[in-house]
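Let's take a walk through a protein fold together, one piece at a time. Keep the viewer open and follow along as we go.

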Amino acid sequence: MTTLTRRALLSTTAQATMAAALPSIAHAGPQPRRRPNIIYIIADDLGVYDLGCYGQKKIRTPNIDALAANGMLFNSAYGGAPICSPSRCALMTGKNMGHSTIRDNFALQGGIIGKRGKESVRRIGLAPGEKTVATAMAEAGYVTGLVGKWHLDGYDPNAIPTRHGFQEFHGWLTQTETTQGYFPTQWYSGEKLGNIPENADGKQAVYETDICTDQACDFIRKNQKSPFFLTLAYNAPHSPHITPTTGSYAGRPWGEYEKNYAAMIEFLDAGVGAVVQTVREAGLEKDTVIFVSSDHGPRSEPTAEQTEVVEFFDSHGSLRGYKRDLYEGGIRVPLIVSWPGHIRAGSVSDEPVYHPDFLPTAVALAGNGRLYPDMDGADISPVLLGRGGIASRYLYWETYEPSFWQAARHGRWKAVKPVGGGEIQLFDLLEDSSETRDVSAENSAIVESFVRCFKECRVASPNYI
C-alpha cells in the first residue's frame with residue numbers, strides 16, 4: 001500500500017507513460033487546425049432546474065451559467081437511464097438500455113456477488129474488451145483520462161477504467177469501499193490504490209469534490225500539448241448531503257439539508273470554474289469543447305428529507321417523477337456545451353438528445369473516421385455547430401426499479417409502458433411536458449408505433465429478464 005501526501009495524491013499518475021506510447025495521428029500530415037480537446041463534466045443526481053441557467057433562483061451557479069451563456073443549452077436532454085450505473089454505461093458505450101451490458105445498479109441474476117454494507121448484492125461490470133468512448137478517443141490519438149466516479153466495475157477487478165480505454169484514472173471504484181464517500185481514506189491513481197492520511201481515523205480534511213477538481217486541472221496542465229479527452233465525474237450532489245462548510249448559504253433561514261445541498265452544488269460549480277480557468281490559462285479555450293450534464297433526475301433516495309430538498313429548490317420543476325422513474329423528472333438532465341468560436345454563444349436547442357449520443361459526437365469532433373455500427377446514439381455535432389438537426393429517431397429507456405418498465409420518445413411524443421406491463425401511456429410533450437394527460441386513446445396509430453419500438457429497441461439480457 002502506498003501512502004500519498006495531498007499534493008502527491010493530486011498529481012501522481014500510475015499510467016503516465018502509457019500516453020506517450022500511444023499511436024498518434026497528429027503528425028500524419030498537415031493539420032488544418034488542432035483537433036479539439038473534449039471535457040465531459042458529469043454531476044450525480046443534479047436536477048435540471050438546480051442550475052441558474054435553467055431558472056434556479058436560490059442556488060447560485062455562476063460558472064456553469066457562464067458556460068451556457070458562451071455556448072449551447074439543451075432543453076430536451078436525457079440521461080441514459082434513471083439511475084447511476086446504466087446511465088453512465090449509456091454515456092460511455094453509446095448504447096441504450098435495450099442493448100447495454102449494465103441495465104440497472106444491481107443484477108437480477110448472474111453478475112458477481114459482493115457486499116454493499118452488510119447486504120450481499122449482484123452487480124454487473126462492463127464486459128471484457130467492451131469498447132467505450134475512451135477507447136475510441138485513444139484510437140484517434142487522444143490522451144484519455146477519468147477523474148472521480150466510474151461505477152461500471154461492479155465487483156469485477158477487470159472492469160475498471162484502465163481496462164476500457166482510459167490511460168489515466170484518478171478516482172473511486174464500487175468494489176473498494178474505502179475509496180467512496182465525500183471524505184475517502186483511499187483513492188486510485190491508475191490501478192494503484194493510495195492512502196489519504198488526512199481523512200484517516202474519521203478526519204474530514206480532503207473533500208472529494210475538491211480532489212476531483214484538482215486532479216482534473218492537473219490532467220489538463222500535464223496534457224496541454226496533446227489533444228486530450230477528460231471525463232470529470234463528480235459525486236455531488238448525491239446523498240449523503242455532506243460538505244466541509246455550508247459556504248455562502250450558512251446564514252440562510254433554511255434547514256440543514258437545504259444548506260448542505262446548496263453548498264454541495266456551490267463546490268461543484270466552483271470546480272467547473274477552476275477547470276475552465278485552467279483551460280483558459282493553458283491557452284486552450286478555443287481548442288476545447290466542454291460538456292456539462294448530470295446522470296439522471298434528482299433525489300438520491302425516496303426519503304422524506306431528500307424529497308423536501310428537491311421540492312424546496314424545485315429541482316425537477318414541473319416535470320413528473322424523480323430519479324428511478326421513466327417519466328421526465330427521472331431521466332431529463334441539464335446539458336450545456338461550450339466551444340468558443342465554434343458553438344454560437346447563448347444558443348438554445350430543443351432537439352431531443354441523450355447520453356448514447358456522446359460517443360458518436362466525440363468521435364466526430366475528434367475527426368476519427370472509424371464507424372461504430374453498434375451504437376444507438378447519433379452524432380449531434382451538426383446541432384452544436386449550427387449545421388442542421390438529427391434524423392427522426394426513437395430514444396429508448398428501460399429500468400428495473402422497482403421492476404421492469406419501458407419508455408421511449410419520438411419527436412413530440414413520449415410513451416411509457418409502466419411497471420407491471422400495463423397499458424401504454426402516451427404524452428404529447430409539446431403540449432404537456434408534465435405528463436399529466438394520457439392521450440393514448442385518441443392516438444392509436446402512434447401507440448402502435450411505440451409497441452413496435454419497445455419490441456425492436458431491446459434484446460433480452462441474461463442478467464436482468
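Start with Pro227, which counts as buried because its relative accessibility is 12%, and anything under 20% goes into that class. Keep in mind that what you're looking at is a predicted model. You'll find Pro227 in the loop between H6 and E10. Who are its neighbours? Leaving out residues up to four places away in sequence, Pro227 touches Arg34, Arg35, Asn37, Gly141, Tyr142 and Val143.

Now look at H6 itself, residues 208–222, which packs with helix H7, residues 256–281. How are the two helices oriented? Their axes are 9 Å apart and meet at an angle of about 10°. Angles under 35 degrees count as roughly parallel, so that's what we call H6 and H7. On the H6 side, the contact is made by Thr209, Asp210, Thr213, Ala216, Cys217, Ile220 and Arg221. H7 brings Phe267, Leu268, Gly271, Ala274, Val275, Thr278 and Val279.

Next up is helix H4, residues 84–93, and here 10 of its 10 residues are buried. What does the covering? The list includes strand E2 (37–43), helix H5 (133–139), strand E6 (143–149), strand E10 (228–233) and helix H10 (358–366).

Let's switch to strands. E8, residues 186–189, is covered on both faces: Gln186 and Tyr188 are buried on one side, Trp187 and Ser189 on the other. E8 pairs with strand E7 (residues 168–172) in the antiparallel sense, over two bridges. There, Gly171 sits opposite Tyr188. Four bridges tie E8 to strand E9 (residues 192–195), again running antiparallel, and Gln186 has Asn195 as its bridge partner. E8 and E9 make a hairpin with two residues between them, and Gly190 in that turn has a positive phi of about 65°.

Further along, four strands form an open, antiparallel sheet in the order E15-E16-E17-E18. Strand E15 (395–399) and strand E18 (425–428) are at the edges with a single partner strand each, so one side of each has no neighbour in the sheet. On average, neighbouring strands here are turned by 15° against each other, direction ignored. Inside the sheet, five bridges join E16 (residues 405–410) to E17 (residues 413–417), and His410 stands opposite Trp413. Lying across E15, E16, E17 and E18 is helix H12, residues 444–456, which runs at about 120° to E16.

Last stop: Glu328, in helix H9 (residues 328–331). Is Glu328 buried or exposed? Its relative accessible area is 1%, so Glu328 is buried. Not counting residues up to four places away in sequence, Glu328 touches Tyr78, Leu319, Arg320, Lys414, Leu429, Ser433 and Glu435.

Methods: Residues are numbered from 1 along each chain as its sequence is written. This is a predicted model: local features need pLDDT of at least 70, side-chain atom pairs count only at pLDDT 80 or more; totals for chains, interfaces and linings use all residues. Side-chain values use heavy atoms; hydrogens and water are left out. Buried means under 20% relative accessible area, exposed over 50%, partly exposed in between (1.4 Å probe, protein chains only). Contact means heavy atoms within 4.5 Å. Axes are lines fitted to C-alpha atoms, for helices over the stretch in contact, and angles run from 0 to 180 degrees between N-to-C directions. Angles under 35 degrees count as roughly parallel, over 145 as roughly antiparallel, 65 to 115 as roughly perpendicular and the rest as oblique. Two strands pair if DSSP finds at least two bridges between them.
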